[in-house]
Amino acid sequence: MQLTTEQIECINQTLIGKGIKFDDIKLEVLDHIATEIENEMEVSNNNFPIVYNQVFENWSEEFKLTRNFFSIQSPYPKLVHSKLTNQFKKEVIIALVSSIVLIISFQFVAAAQGKLQFLRIINDVLFYTYFTIAAAGLLIKLWNFKSKATSTYKHLFDSRFTFLIVFLSVVIRSSIPQDLTNQNLYVATISCLFVFLLSIIYLGMKHIQFQRKFSIQ
């Protein structure tokens, strides 16, 4: 039994009321809930209000407000919090793996002078990468002003974009350490910074892709 436009809008407004304000998650959840209601109405022969209440009761756990222990941001519904957390976990894993690979590569450089040259190359790559990503991020930021859609990607992009100003001083003032211990730490830190910078562009592009799909819908 297919739901009417009014019934779908009722589900949409309920999701907004429960804190599901990011369009990418809202569209996904709305589709799942609408399908469940349609199937249940077909099987049970109950009317929309009864099935609507049953289905939302089944989803109630996913709408509970959750916040990270160290977070100062407002709590999110559990399913929103899970998506944001999963994105963070993926980036941490990528950062750790890239740091390990880069540190291992660094160990194969035997001579002290060679290690310094290795670090200078990394430092130069970071410098140009930073300004390239800052320029691309600014273009995405300007494009986002026209975007009518909200998404977890846009939310994360905007929150990280502000850190580009902070990292400007880090990139300009970065100096290559001379002792081996600090050199290894420097390699690991630079690797994590690369991942962070690339994640800004990744999130910005993901929002642009979603916006295009959202406009079609």
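Predicted model: local features only at pLDDT ≥ 70, side-chain atom pairs only at ≥ 80, totals over all residues.
Reader: Where does V195 lie, and how do you know that the stretch is a helix?
Author: V195 lies in helix α8, residues 180-216. Helices here are DSSP runs of H or I with at least four residues, numbered from the N terminus. Residues are numbered from 1 along each chain as its sequence is written, and side-chain values use heavy atoms, with hydrogens and water left out.

Reader: Why is V195 called buried?
Author: Buried means under 20% relative accessible area, exposed means over 50%, and partly exposed is in between (1.4 Å probe, protein chains only). V195 has 14% relative accessibility, so it counts as buried.

Reader: What is V195 in contact with, leaving aside its neighbours within four places in sequence?
Author: Contact means heavy atoms within 4.5 Å. V195 is in contact with E91, I94, A95 and S98. As for L96, it is 99 residues from V195 in sequence, yet their C-alpha atoms are 9.6 Å apart in space.

Reader: How do you know that the span of helix α1 agrees with what it should be?
Author: The expected span is 1.5 Å times one less than the number of residues. Helix α1 (residues 5-17) has 13 residues and should span 18 Å; its end C-alpha atoms are 18 Å apart, so that agrees.

Reader: Which residues of α1 are buried, and what covers them?
Author: They are Q7, I11, N12, T14 and L15. These cover an arc of only 160° around the axis, which puts them on the same side of α1. That arc is taken from the directions from the helix axis to the C-beta atoms. Their cover includes α2 (23-44) and α3 (48-58). The face turned away from the buried side carries the exposed residues T5, E6 and G17.

Reader: Why is Y128 called exposed?
Author: Y128, found in helix α5, has a relative accessible area of 58%, so it clears the cut-off and is exposed.

Reader: What makes N45 worth a look?
Author: N45 sits in the loop between α2 and α3. Its phi is positive, about 65°, although N45 is not a glycine. Most residues other than glycine have a negative phi.

Reader: Is N45 buried or exposed, and why?
Author: N45 has 66% relative accessibility, so it counts as exposed.

Notes. Helix = DSSP H or I, 4+ residues; strand = E, 2+ residues; numbered from the N terminus.
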